[in-house]
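Please look over the sequence and the model shown below before reading on.

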Amino acid sequence: MKLQGRSALVIGAASGLGRASAQACGADGAKVMVADVNEAGGAETVELIRKAGGEAQFVRCDVTDEAAVKAAVDATVKAFGKLDILVNSAGYLDADGPREWHHTIDLYLKGPYYACRHALPEIEKAGGGSIVNIASISGVTGGVSRNIEETGYPCSKHGVVGLTRTLALAYAKKNIRVNAVCPGYIKTAGTKDLYGAPDGGKALISEGLRVPMDRWGEPHEIGKVVAFLASEDASFITGQPIIVDGGFMAR
């Protein structure tokens, strides 16, 4: 229960890595505000946390709308009395979501900026805390794109890493740590077309990508890293893009 007495706002918690992060924080004792535009998925996440003995509530939040993001921060403070932890994990509802460049930047870069902008004053009021941004291995290396129109995702994730490092420097003396988790190939809705292949995505992992651990990652393996970074066990870690990829980037 390393997050006992803490409150967390997890944006993008209706599914995938956000849900796993919310569950991990809840399992470690944090009171969790589940924020997402997907109300049904958000309600499921709340129920999962409560069934596991945790405390959680839901607030609808479109991360591309700054007013909605501020309202989610305010709702967290109203519900739990303070805000200690922010997790930014908003993504597309499905693999077929829009990929237009500006929309991708709005979702993956501007959204985390809005959340940090409004959460930081509240975290400071609480005496400090932790922000964890979900980036990607595409945030530390070039992304695979067929043309310039598909560069929005790696560009935004590079921006998230830059935002993370810059805020970490700016708020270090205020006892606020800011880190990013950079997942590799994880089983989520966004990668379903890859691991949903007849071989379960085995050829891609073993032969195409040659991931050293020779398997796909699971969402809970990201969630546990998020909860660790949110806890005092990571008290001297800030400004870091933590790569969680089964060894892929070690090549």
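How many bridges join strand β1 (residues 7–11) to β2, and in which direction do the two strands run? They are joined by 5 bridges and run parallel.

## Basis of the description

This is a predicted model, in which local features need pLDDT of at least 70 and side-chain atom pairs count only at pLDDT 80 or more, while totals for chains, interfaces and linings use all residues. Residues are numbered from 1 along each chain as its sequence is written, and side-chain values use heavy atoms, with hydrogens and water left out. Helices (H or I, at least four residues) and strands (E, at least two) are DSSP runs numbered from the N terminus.

## The sheet and its order

The open sheet is formed by 7 strands in the order β3-β2-β1-β4-β5-β6-β7, and the pairing is parallel; two strands pair if DSSP finds at least two bridges between them. At the edges lie β3 (55–60) and β7 (241–244), each of which pairs on one side only. On average, and with direction ignored, neighbouring strands of this sheet are turned by 20 degrees against each other.

## Strands β5, β6 and β7

Strand β6 (residues 176–183) is joined to β7 by 4 bridges, and the two run parallel; C182 stands opposite I243 in β7. Helix α8 (residues 219–230) packs on the sheet, where it touches β4 (85–88), β5 (129–134), β6 and β7, and its direction makes about 165 degrees with that of β6; such angles run from 0 to 180 degrees between N-to-C directions, and axes are lines fitted to C-alpha atoms, for helices over the stretch in contact.

Between β5 and β6, which run parallel, there are 6 bridges, and I131 stands opposite V178 in β6. Strand β6 is mostly covered, with 8 of its 8 residues buried: I176, V178, A180 and C182 point one way, R177, N179, V181 and P183 point the other way, and all are buried.

## Helix pair α1 and α2

Helix α1 (residues 16–27) and helix α2 (residues 39–51) have axes that come within 9 Å and cross at roughly 25 degrees. The two are therefore roughly parallel to each other, where angles under 35 degrees count as roughly parallel, over 145 as roughly antiparallel, 65 to 115 as roughly perpendicular and the rest as oblique. The crossing of α1 past α2 is right-handed, a term used if the near helix is turned clockwise from the far one by less than a right angle.

On the α1 side the contact (heavy atoms within 4.5 Å) is made by R19, A22, Q23 and G26, and on the α2 side by G41, E44, T45, L48 and I49. By class these residues divide into 3 nonpolar, 4 polar and 2 charged; Ala, Val, Leu, Ile, Met, Phe, Trp, Tyr, Cys and Pro count as nonpolar, Asp, Glu, Lys and Arg as charged, and the others, Gly among them, as polar.

## Helix pair α3 and α4

Helix α3 (residues 66–80) packs with helix α4 (residues 101–125) at an angle of about 30 degrees, their axes being 9 Å apart, which makes α3 roughly parallel to α4. Here too the crossing is right-handed. In this contact E66, V69, K70, V73 and V77 of α3 meet Y114, A115, R117, H118, A119 and E122 of α4, and the classes are 6 nonpolar, 1 polar and 4 charged residues.

## Two buried residues

H118, in helix α4, counts as buried at 18% relative accessibility. Apart from its neighbours within four places in sequence, H118 is in contact with E66, K70 and V73.

G217 lies in the loop between α7 (202–208) and α8 and is buried, with a relative accessible area of 11%. Not counting residues up to four places away in sequence, G217 touches Y185, I186 and K187. From C-alpha to C-alpha, G217 and P183 are 8.5 Å apart in space, and 34 residues separate them in sequence.

Methods
Buried < 20%, exposed > 50% of the residue type's maximum accessible area, 1.4 Å probe, protein only.
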